[in-house]
Amino acid sequence: MTNTVDARGLSCPQPVILTRRAIQTAEFPIEVLVETVTSRENVRRAAEKAGCRVEIEAMGDEFKLIISR
Amino acid sequence: MSERLTRFFASHSRLILAGATIGVLAPLLQKAGNPPNMGVCVACFERDIAGALGLHRASVVQYIRPEIIGFVLGALIAALAFREFKTRTGSAPIVRFVLGAFAMIGALAFLGCPWRALLRLAGGDLNGILGLAGLAVGVAIGVQFLKSGYNLGRSHKTYPAVGWIMPIIMIGLLLLRIFRPQFSEGGPIFFSESGPGSFHAPLWISLGAGLLIGFLAQRTRFCTMGSIRDVILMGDTHLVSGVGALVAVAFVTNLLLGQVSFGFFGQPMAHSSHLWNLLGMALAGLAFTLAGGCPGRQLFLSGEGDGDAGIFVLGMIVGAGFAHNFALAGKPDNVADAVVGGISIAGMVAVILGLVVCLVIGFSMRRAYHARSEKTGGVI
């Protein structure tokens, strides 16, 4: 079962705030959808800082980050 | 290749390099003709542009600053080169306009944006400490709103042409700077003949520095407000490393150029009215946090296709018009008569009003976005 955070279109730092909240409360894996490289890098950094592994998939001009422990 | 370069630039060391570059260029721009402790100032320079266009008539602060043009176009070039130019808009634009206007009123009460607060400190102007303290207070209040669900909603992808509006406006401003047409007798375009507006580096030096800073800042996401916000919000020192490098390198460069003079009173284009330095920047910091970026960052975002950031910039320029037409901006200390400067009663009212407006925005625009569970179909 995958939990999804749709952070597309949300401005900085909302994608990071939502991801951090999901890491604290949701079951893994967590999918985070973002549309800018800035958000992708910010979310990746925040997840890695929280001790998670991150895989990134490009979806057209958007990105899906799959976060797992 | 592009992907590797993106990671390379987004790393810690690249931010330090970007901050250090700004830290070198700003004192050099001052040496080349820009006003003291104002090698680069987004708020002051947008205020000068507003004056040049006749949106205010304060004759000492009117000039079309090529640095601002360079910031947007440098970010545009970087975004195009690295395929990050994405047009988007529609996240409460009118709120961003209002936030931009009040951010400018707050910044001009202090007489500078966060960049100038750092550069003033690096030139020995200790009032910069009050400005930065105020900025931190404003950001800290904004972070509380962010934690409690404040956001301005999603932006949406839109036509590519939308993202070109701000760059094209900047090219228009560059043409106005180069040719300086006179639109009516005694009318704009105005360029100051005395005062800070008359101090400027040569056009191509200013533009070149602006382009370089815009390029680097787009690649590294350099943001002064974000640096404080990230430390308060999650103990993340990523962005603050660039800001630290800016101050350190600017201080050393100023020392080498003989541009350091320590003190509170009588600093160039500054006042030592401590309370209003602090409160002005608190207003600016809160408005920047609610809008998601410092004034420099908003310019860079507007160059990479973010229409909402462009609206914030236009709000700042209009705010500068109000700040000077309504005499809200800070007045420098009067050294000759040993009189401390500051802001007018109207300026104080405007700063308080701005804080109230920002608080209302922060309290009234909260909406929870949650992770969605595939298992239950509901929010977690």
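Just after helix 2 of chain A, Gly51(A) adopts a positive phi of about 85°. Helices and strands here are DSSP runs (H or I of at least four residues for helices, E of at least two for strands), numbered from the N terminus. The model is a predicted one, in which local features need pLDDT of at least 70 and side-chain atom pairs count only at pLDDT 80 or more, while totals for chains, interfaces and linings use all residues. Residues are numbered from 1 along each chain as its sequence is written, with chains lettered from A and ligands numbered from 1 in the order in which they are written.

Helix 2 of chain A itself covers residues 37–49, and its 13 residues span 18 Å from first to last C-alpha, close to the 18 Å expected at 1.5 Å a residue. The expected span is 1.5 Å times one less than the number of residues. Buried positions in this helix are Val37(A), Ser39(A), Arg40(A), Glu41(A), Asn42(A), Val43(A), Arg44(A), Ala46(A) and Ala47(A). A residue is called buried when 20 or more other C-beta atoms lie within 10 Å of its own, exposed when 12 or fewer do, and partly exposed in between, with C-beta atoms placed from the backbone.

Helix 1 of chain A, with 12 residues, reaches 16 Å between its end C-alpha atoms, close to the expected 16 Å. Its buried residues are Gln14(A), Pro15(A), Val16(A), Ile17(A), Leu18(A), Thr19(A), Ala22(A) and Ile23(A). The cover over them includes strand 1, strand 2 (30–34), helix 2 and strand 4 (62–68) of chain A, together with helix 7 (127–147) of chain B.

A cis peptide bond, with omega near 5°, joins Cys12(A) to Pro13(A), and Pro13(A) sits in the loop between strand 1 and helix 1 of chain A. Another cis bond, with omega near 0°, runs from Phe28(A) to Pro29(A); Pro29(A) belongs to the loop between helix 1 and strand 2 of chain A. As background, most residues other than glycine have a negative phi, and most peptide bonds are trans.

Attention now turns to the meeting of the two chains. In all, 26 residues of chain A contact 27 residues of chain B, a contact being a pair of residues whose C-beta atoms, placed from the backbone, lie within 7 Å. On the chain A side, strand 1 (3–6), helix 1 (14–25) and helix 2 each give two or more residues. Helix 1 of chain A gives the most, with 6 residues. By class, this side has 11 nonpolar, 9 polar and 6 charged residues; Ala, Val, Leu, Ile, Met, Phe, Trp, Tyr, Cys and Pro count as nonpolar, Asp, Glu, Lys and Arg as charged, and the others, Gly among them, as polar.

Within chain B, two helix pairs can be followed in detail. The axes of helix 2 (residues 12–31) and helix 10 (residues 203–220) of chain B come within 10 Å and cross at roughly 165°, which makes this pair roughly antiparallel. Axes are lines fitted to C-alpha atoms, for helices over the stretch in contact, and angles run from 0 to 180 degrees between N-to-C directions. Angles under 35 degrees count as roughly parallel, over 145 as roughly antiparallel, 65 to 115 as roughly perpendicular and the rest as oblique. Contact residues of helix 2 of chain B include Leu15(B), Ala18(B), Ile22(B) and Leu25(B), and those of helix 10 of chain B include Ala209(B), Leu212(B), Ile213(B) and Leu216(B). The residues of this contact divide into 10 nonpolar, 3 polar and 1 charged.

Helix 13 (residues 274–291) and helix 16 (residues 345–364) of chain B pack at about 30°, with their axes 10 Å apart, so the two are roughly parallel.

Ala92(B), at about 50°, lies in the loop between strand 1 (88–89) and helix 5 (93–110) of chain B, and is buried, with 20 other C-beta atoms within 10 Å. Arg221(B), at about 65°, is placed in the loop between helix 10 and helix 11 (224–234) of chain B, and its 24 C-beta neighbours inside 10 Å make it buried.

Methods:
Contact = placed C-beta atoms within 7 Å.
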